[in-house]
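Subject: Structure for you to look at

Hi,

Here is the structure I promised. Please open it and keep it in view while you read my notes below.

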Amino acid sequence: MKMRLRSRLFASFFAALAASAWIALWSWDAWPYARYLHHASWSELPGVGPICRAVPGASITLAASLHSLAWLLMIAAMMLPTAFPLFDNFRRMAVSHRRRHTLIALLIAGYAAAWAAFGLVAHGFDAALHLLVERSTTLLTEGWLIGAAIVALAGVYQFSTLKHRCLDKCRSPLMFITEHWHGRNPRRESFLLGVSHGVFCIGCCWALMLLMFAIGTGSVGWMLALGATMAAEKNLRLGKFIGKPLGIALLVWSAWIIVWNARIVDH
C-alpha cells in the first residue's frame with residue numbers, strides 16, 4: 001500500500017511538473033512578447049534592451065541565457081514525460097536509499113543538462129543559418145528551401161540505424177539503469193545516468209526537435225504534437241510501428257513544400 005501511494009505521488013508530481021511547463025508555454029504564447037520565444041531579438045524586450053546597450057557583451061550573454069531558459073521550459077514540457085519510465089524505475093530502485101530524493105533530482109538534472117547542451121548547439125546552428133540567409137539573396141527569397149531540407153532530414157533520420165539503436169536504449173529503462181548504475185558513488189552516478197539517458201534520448205529525437213526551428217519554436221500546438229509523437233514512439237507498444245510511416249509522411253511533406261513553392265515561382 002505504501003509503495004502504491006509513493007508511486008501515485010511521484011506520478012502526480014511528474015504530471016504536475018509537465019503540466020506547469022505546458023501552462024507556462026501556453027501563457028507565454030498568449031503574452032504580448034510571445035514572438036521572443038521564436039526568432040525575434042531578445043535585446044528588443046523592454047528592460048533587457050537598455051542592459052544590452054549599456055553593458056559590453058551583455059546582448060550575447062542575455063540572449064543565450066533567455067534562449068536557454070525558454071529551451072529548458074520546452075524540454076520540461078516535451079521531453080520529461082517521454083523519459084518518465086526511466087525516472088519511475090530509478091525511483092523504485094532507490095526507494096530504500098536515505099538520500100533518494102537528492103538522487104532523483106540529480107538524475108533529472110543530468111537529463112536536463114544533456115538537452116540544455118543540445119539546445120545551445122541547436123540555437124547556435126539556427127543563428128548561423130539566419131546569418132547565412134541574410135548574406136544569401138537566394139536563401140533570403142527562397143527560405144522555404146531550408147524548411148524543406150529540415151523536414152526531409154527528419155524524415156530520412158527516421159530510417160537510420162542510429163535512431164533505432166538509441167530508441168532501443170530508451171525503450172528499456174530498467175536495463176539501462178542496471179548497465180549504468182553501480183552504487184559506488186550514488187550522487188555522481190545519478191547525474192551521469194541522467195546525462196547518458198539524455199544523450200540517447202537526443203540521439204532518437206534530435207531530428208524531430210529540429211522541426212521546431214523550421215515551424216517556429218514558439219508554436220505550442222506543434223510542440224504538443226511532436227511531444228506526443230516522441231512519447232508514443234518511445235514508450236508505447238505500437239511505437240515500433242510509428243517510425244517508418246512518420247518518416248514517409250515527413251518526406252512527402254518535404255516534397256510537397258518543394259512542389260508547391262516551385263509552382264508559385266513558375267506562376
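The largest nonpolar core has 60 residues, and Met79, Phe87, Phe90, Trp115 and Met209 touch the most other members. Helix 10 (residues 186-215) gives the largest share of this core, with 12 residues. Keep in mind that this is a predicted model.

Now take Trp115. Leave aside its neighbours within four places in sequence. Trp115 then contacts Trp71, Ile75, Met79, Gly198, Cys201, Ile202, Cys205 and Met209.

Next, helix 4. Two packed helices are described by the angle between their axes and the distance between the axes.

Start with helix 4 (residues 84-93) and helix 5 (residues 100-135). They pack at about 155°, and their axes are 10 Å apart. An angle over 145 degrees counts as roughly antiparallel, so helix 4 is roughly antiparallel to helix 5. The crossing is right-handed. Helix 4 brings Leu86, Phe87, Phe90 and Arg91 to the contact. Helix 5 brings Leu103, Ile104, Leu107, Ile108 and Tyr111. Eight of these contact residues are nonpolar, none is polar and one is charged.

Then turn to helix 9 (residues 173-180). Its axis and that of helix 4 come within 9 Å and cross at roughly 55°. Helix 4 and helix 9 are therefore oblique to each other. Helix 4 passes helix 9 in a right-handed crossing. Which residues of helix 4 meet helix 9? They are Pro85, Leu86, Asn89, Phe90 and Met93. On the helix 9 side are Pro173, Leu174, Phe176 and Ile177. This contact has eight nonpolar residues, one polar and no charged.

Best wishes

Terms used: Residues are numbered from 1 along each chain as its sequence is written. This is a predicted model: local features need pLDDT of at least 70, side-chain atom pairs count only at pLDDT 80 or more; totals for chains, interfaces and linings use all residues. Side-chain values use heavy atoms; hydrogens and water are left out. Axes are lines fitted to C-alpha atoms, for helices over the stretch in contact, and angles run from 0 to 180 degrees between N-to-C directions. Helices (H or I, at least four residues) and strands (E, at least two) are DSSP runs, numbered from the N terminus. Angles under 35 degrees count as roughly parallel, over 145 as roughly antiparallel, 65 to 115 as roughly perpendicular and the rest as oblique. A crossing is left-handed if the near helix is turned anticlockwise from the far one by less than a right angle, and right-handed if clockwise. Contact means heavy atoms within 4.5 Å. Ala, Val, Leu, Ile, Met, Phe, Trp, Tyr, Cys and Pro count as nonpolar, Asp, Glu, Lys and Arg as charged, and the others, Gly among them, as polar. A nonpolar core is a set of buried Ala, Val, Leu, Ile, Met, Phe, Trp, Tyr and Cys residues joined through side-chain atoms within 4.5 Å. Buried means under 20% relative accessible area, exposed over 50%, partly exposed in between (1.4 Å probe, protein chains only).
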